[in-house]
Structures are given as structure tokens and as C-alpha cells.
Amino acid sequence: MSKPDELLVDIAALVESEESNQMSLTVVTCGAVITGRLAPEAVWRRRVCEVLSDSDRLGEFSAVFDAPTKRADPPTHLHFHVARILQGTVGIPETGGMYRVAIEDVSAWTVGDFSYSDR
């Protein structure tokens, strides 16, 4: 998108206000379908920092995510946690991951998340 969807920016702003982290969203970005729950950037950064800190090989990168959040007004990115990239009949990773998506790169979206069942 050359101009970010104002409604999507409003949703991101509400999540950033830390009123709720229960907003589930599915987006199409650069051909990928990502589905999951949104989190405020500060919460997302903290969780990524924790994961990196626990890694023997990647621990040194944790400081990048531990830096203070630079507030852009309005939000420019969506921060997904417990999210999956949908590929065929599976979501990758199965347990959910942490994804940061530029709002301007979202070509389609819907409220809610998708999951697959083999039943």
C-alpha cells in the first residue's frame, strides 16, 4: 500500500495504548498470510529480548530489543505474537511466533485469526 489503511492504523494505535492485547488479526503482506494476536511494541520487544537472552548464540542481539521504544505517531508497524505464517494446511511455527509487519506493506486484512484442522 502506498498509503496505509487508516482503519488498520487506528487498530494498531488502540493496541499500542495497551488497553488490550486480545486483538486477533490476519494480514496478507508480500504474498504471505500471517495470522495471530497483536501486542503493543514494548511488550513485543520485551518478549523477543527474553527469547534472545536465553540463546547461547544470539544473546548479544537482545540489547537491540531492550532499547527504549521510539514512539512513532501514528504506529507504522503491527507486532504479532502467538502468530503463524499460513502455508498450505499448516501454520508455521505450530506454537506461534513473533512477527513485525509494516502497516504500509499490508495488502489485505481481516479481524480474527485462522487455524487449520485435519478433521
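Author: A polar contact is a pair of N or O atoms within 3.5 Å; within protein, one atom must be able to donate a hydrogen and the other to accept it, and residues adjacent in sequence count only if both atoms are side-chain atoms. The model is predicted, so local features need pLDDT of at least 70 and side-chain atom pairs count only at pLDDT 80 or more, while totals for chains, interfaces and linings use all residues. Residues are numbered from 1 along each chain as its sequence is written, and side-chain values use heavy atoms, with hydrogens and water left out.

Reader: Which side chain makes a polar contact with the side chain of Ser62?

Author: Ser62 belongs to helix H3, residues 62-66 (helices, H or I of at least four residues, and strands, E of at least two, are DSSP runs numbered from the N terminus). A polar atom of the Ser62 side chain also lies 2.8 Å from the backbone oxygen of Gly59. The side-chain partner, at 3.4 Å, is Ser53.

Reader: Is Ser62 buried or exposed?

Author: Apart from residues up to four places away in sequence, Ser62 touches Cys49, Leu52 and Ser53, where contact means heavy atoms within 4.5 Å. Buried means under 20% relative accessible area, exposed over 50%, and partly exposed in between, with a 1.4 Å probe and protein chains only. Because its relative accessible area is 11%, Ser62 is buried.

Reader: Which strands stand at the edges of the sheet?

Author: The open sheet is formed by five strands with antiparallel pairing, in the order S4-S3-S2-S1-S5, and two strands pair if DSSP finds at least two bridges between them. Each edge strand has a single partner strand, so one side of each is left without a neighbour in the sheet; the edge strands are S4 (90-102) and S5 (106-111).

Reader: Which residue in S3 does Leu38 stand opposite?

Author: Strand S2, residues 32-38, and strand S3, residues 77-87, pair in the antiparallel sense. Five bridges join S2 and S3. Within S3, the residue opposite Leu38 is Phe80.

Reader: How far apart in space are Asp113 and Asp54?

Author: Asp113 is found in the segment after S5, and because its relative accessible area is 41%, Asp113 is partly exposed. Leaving aside neighbours within four places in sequence, Asp113 is in contact with Ser24, Thr26, Thr35 and Gly36. Asp54 is 59 residues away from Asp113 in sequence, and the distance in space, C-alpha to C-alpha, is 29 Å.
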